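Colleague: Please take a close look at a single part of this model and describe its surroundings. A connected account would be welcome.

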Amino acid sequence: MGYLLLLLATIGWSCVGVLVKTASTMVDSSVITFSRFFFGVIFLGILLLVKDRRIRLRSGLKWIWFGAAGKSANYIFENIALTIGYSYGNILVQPVQTVTLLIAGSILFKDKISKRGWIAAALCVIGVIVIGWNGLPFHALMTGGALTTLLFTLAGIGAAVHVLSSRMLAKTMDSGNMNFSVFFWSSLLVSIPLPFQSQAVTGPITFWAFGALVLLGVITGLSFYWLAEAMKRVSFVVVALIGNCSVLFSILWAYLFFREPITVYVVCGTLVFLAGFICLNIPILRPAAKVKTTTEV
């Protein structure tokens with residue numbers, strides 16, 4: 001069961017780019033952002049009612065609001081970038097999040113960054129730079145080619161803030177009600193500009209585009225629960241390996257569904273920051289210490 005839940009979360013995250021791209025044929029990025037939270041709250045709320053028969057909505061904790069602000073920024077910038085760029089572009093969010101968490105952990109929690117941590121951070125940064133560059137000439141980067149990379153970088157920073165808030169809230173809340181509270185307040189935050197928009201609907205209303213919005217909500221509401229449950233049943237090494245494979249699936253879906261160009265720079269950059277993830281998450285295997293035994297007669 002643990003492997004199934006982990007696979008569901010991994011496949012779900014890998015489909016985000018394709019689903020956002022599909023939904024963008026009908027509505028703009030702000031509606032997509034709101035829908036991800038709105039449907040996410042609905043599905044997570046149903047799960048909590050079935051599982052626990054109650055929902056605890058919290059608002060009095062500062063880390064709830066930090067988490068809501070961070071996740072809102074994550075989705076706002078990610079959805080804008082996915083709408084105007086390639087559907088696999090959000091693979092940049094994860095390495096940016098990793099580097100931000102390393103730096104924030106050393107500042108806020110006084111966590112010491114090991115040599116492996118610095119190497120992993122360097123590999124993540126190099127991977128992001130290579131993908132963001134993508135072989136474009138300098139003048140192309142300066143005239144807009146780097147815009148999506150900047151947006152995904154901001155999205156990664158927002159995602160890191162959400163992870164930090166989850167780390168703090170996990171001390172006093174279970175993951176289900178914690179995410180419900182964060183996503184509920186996030187949905188209200190991102191809904192503020194909606195009444196002032198005149199062209200939220202940008203294309204024909206289709207079954208596929210609406211279905212994409214609903215599936216994005218399912219992923220938002222349930223993927224973190226799936227991951228939390230999987231981590232109770234599956235070793236951390238397996239979680240790290242399979243979870244990070246979502247970036248490879250993202251590239252695969254982008255090619256299969258939209259025939260988006262997957263250049264050698266994208267492939268190389270992805271492999272570089274995946275090496276950083278592996279370096280950071282996979283424990284070093286050490287030879288077992290020899291144990292001296294004695295036999296009493």
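**A residue and its setting**

Modeller: Ala230 counts as buried because its relative accessibility is 0%; buried means under 20% relative accessible area, exposed over 50%, and partly exposed in between, with a 1.4 Å probe and protein chains only. This is a predicted model, in which local features need pLDDT of at least 70 and side-chain atom pairs count only at pLDDT 80 or more, while totals for chains, interfaces and linings use all residues. Residues are numbered from 1 along each chain as its sequence is written, and side-chain values use heavy atoms, leaving out hydrogens and water.

Ala230 belongs to helix α10, residues 207–233; helices are DSSP runs of H or I with at least four residues, strands are runs of E with at least two, and both are numbered from the N terminus. Beyond its neighbours within four places in sequence, Ala230 is in contact with Gly2, Leu5 and Leu6, where contact means heavy atoms within 4.5 Å. The C-alpha atom of Ala230 is separated by 9.1 Å from that of Leu7, 223 residues away along the chain.

The cysteines may be considered next. A disulfide is a pair of cysteine sulfur atoms within 2.5 Å, and by this rule the count is zero. Cys15 is in no disulfide, and the nearest cysteine sulfur, in Cys245, is 14 Å away. Cys15 counts as partly exposed because its relative accessibility is 23%. Cys124, by contrast, is buried, with a relative accessible area of 0%.
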